[in-house]
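Dear colleague,

I am passing on the structure below, together with a short account of what was found in it. Please read the notes alongside the coordinates.

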Amino acid sequence: MSSFPIPFNKPGVTGIEQSYIAEAIASGHLSGDGAFTKRASAIVQEALGVPKVLLTTSCTHALEMSAMILDLKPGDEVIVPSFTFVSTVNAYVLRGATPVFADVREDTLNMDETKLEALITPRTRAIVPVHYAGVGCEMDAIMDIAHRHGVEVIEDNAHGLFGKYKGQWLGTFGSMATQSFHETKNFQCGEGGALLINDPRHAERAEIIREKGTNRSRFFRGQVDKYTWVDVGSSYLPSEVLAAFLTAQLEQRDAIQGARAALWHTYYDALDDWACEFHVRMPVVPEDCDQAYHMFYMLMPSLALRTAFIDHMKSRGILPVFHYLPLHLSDMGRKFGGEPGACPVTEDISDRLVRLPFYNSMTPEEQTRVIEAILDFDWKV
Ligand SMILES: *Cc1c(COP(=O)(O)O)cnc(C)c1O
């Protein structure tokens with residue numbers, strides 16, 4: 001529990017979770033792939049029109065599955081943004097692949113598609129865009145580059161569920177996409193995730209890899225008469241207890257997304273003039289993007305002002321937080337050749353970005369307190 005009266009995040013709860021969990025317990029089926037797993041994956045599958053959705057134990061594990069499905073080997077290269085969560089990169093490094101760090105655009109903080117082509121080599125196997133804050137990357141350009149060079153696109157869509165780019169759902173562009181249902185995301189079950197499979201060529205191996213390298217899923221569908229070890233794999237199935245929790249959340253998706261949209265626009269409208277006056281950069285959502293309302297961030301004019309701002313908010317019992325440190329400058333990133341100046345936009349914005357408290361159950365009174373504290377910030381510190 002946060003000691004701040006207004007924490008950065010409170011895991012969203014709809015109130016329906018407990019009765020669904022009780023139902024799962026009463027059903028006598030608590031391991032993976034039972035009735036609630038089917039219900040939760042069907043919601044995403046039907047809402048997005050994705051051919052196959054597999055619930056996983058996390059987005060990290062869904063990313064690891066994508067690396068196994070691609071059969072990545074040492075020497076293969078995967079292009080990733082430097083400005084992302086460590087799992088976007090680690091999943092591929094685990095298979096021995098070399099990460100190639102791409103910088104981000106100054107406006108959306110998404111992978112800069114104009115710098116992508118220069119990073120492609122004969123060893124490039126995949127591009128992994130992250131739809132930062134739930135705002136779509138420039139998918140037309142990214143898909144075009146990928147097609148021309150014969151490389152796969154895996155969308156890390158941890159922030160982007162139910163967002164759109166040019167009218168198309170995020171998570172439906174790449175051959176695969178990954179979702180997170182960690183407690184910090186729009187929809188959560190504590191720890192959880194999903195692998196979306198858009199390219200049917202990957203569907204069978206995805207099932208096998210998720211089921212410890214066996215063809216157990218085909219066995220249960222009656223397609224083979226015994227199940228056996230057929231490939232590499234691991235255990236990536238969440239239990240029915242988690243799937244029941246998640247089903248309750250996904251069924252309330254309109255209410256949850258509606259509440260988040262209202263919070264986002266309230267922040268934007270209340271802070272726009274203030275931001276203009278003090279040279280704070282507000283979030284940019286391009287015309288052709290319907291964002292998923294994952295977070296509300298701002299770019300402060302400098303690191304010193306961000307530090308002073310966060311301290312000021314904390315003194316009011318409010319906890320804003322910064323976000324990713326450039327991965328190419330981390331200890332691991334440097335082992336892969338990362339050096340200062342390689343991703344200048346990432347290096348700059350990472351020092352200045354601050355995220356405001358943003359959670360499904362945030363009350364108008366709480367949000368007003370946050371806004372009033374922001375407007376009270378003394379710029380002469
Ligand atoms: C949260 C997050 C992940 C990891 O999600 P888990 O479900 O915790 O493994 C990966 N990528 C991005 C961009 C994230 O925000």
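**A helix pair and the ligand site**

In this predicted model, helix α2, which spans residues 35–48, and helix α8, which spans residues 240–251, have axes that come within 8 Å and cross at roughly 35 degrees. The crossing in which α2 passes α8 is left-handed. On the α2 side the contact is made by A35, F36, T37, R39, A40, I43 and V44, which meet E240, A243, A244, L246, T247, L250 and E251 of α8. Sorted by class, the residues in this contact are 9 nonpolar, 2 polar and 3 charged.

Turning to the ligand, there are 15 residues around it, of which T60, D156, H159, S180 and K185 come nearest. The side chain of H159 places an N or O atom 2.7 Å from an oxygen atom of the ligand, and for the side chain of S180 the distance from an N or O atom to a ligand oxygen is likewise 2.7 Å. Y324 contributes a polar side-chain atom that lies 3.3 Å from an oxygen atom of the ligand. Taken alone, the ligand would expose 380 Å², and the protein buries 93% of that area.

Technical notes
Residues are numbered from 1 along each chain as its sequence is written. This is a predicted model: local features need pLDDT of at least 70, side-chain atom pairs count only at pLDDT 80 or more; totals for chains, interfaces and linings use all residues. Side-chain values use heavy atoms; hydrogens and water are left out. Axes are lines fitted to C-alpha atoms, for helices over the stretch in contact, and angles run from 0 to 180 degrees between N-to-C directions. Helices (H or I, at least four residues) and strands (E, at least two) are DSSP runs, numbered from the N terminus. A crossing is left-handed if the near helix is turned anticlockwise from the far one by less than a right angle, and right-handed if clockwise. Contact means heavy atoms within 4.5 Å. Ala, Val, Leu, Ile, Met, Phe, Trp, Tyr, Cys and Pro count as nonpolar, Asp, Glu, Lys and Arg as charged, and the others, Gly among them, as polar. A residue is near a molecule or strand if one of its heavy atoms lies within 4 Å of it. A polar contact is a pair of N or O atoms within 3.5 Å; within protein, one must be able to donate a hydrogen and the other to accept it, and residues adjacent in sequence count only if both atoms are side-chain atoms. Accessible areas come from the Shrake-Rupley method with a 1.4 Å probe; for residues, only the protein chains shown count as cover.
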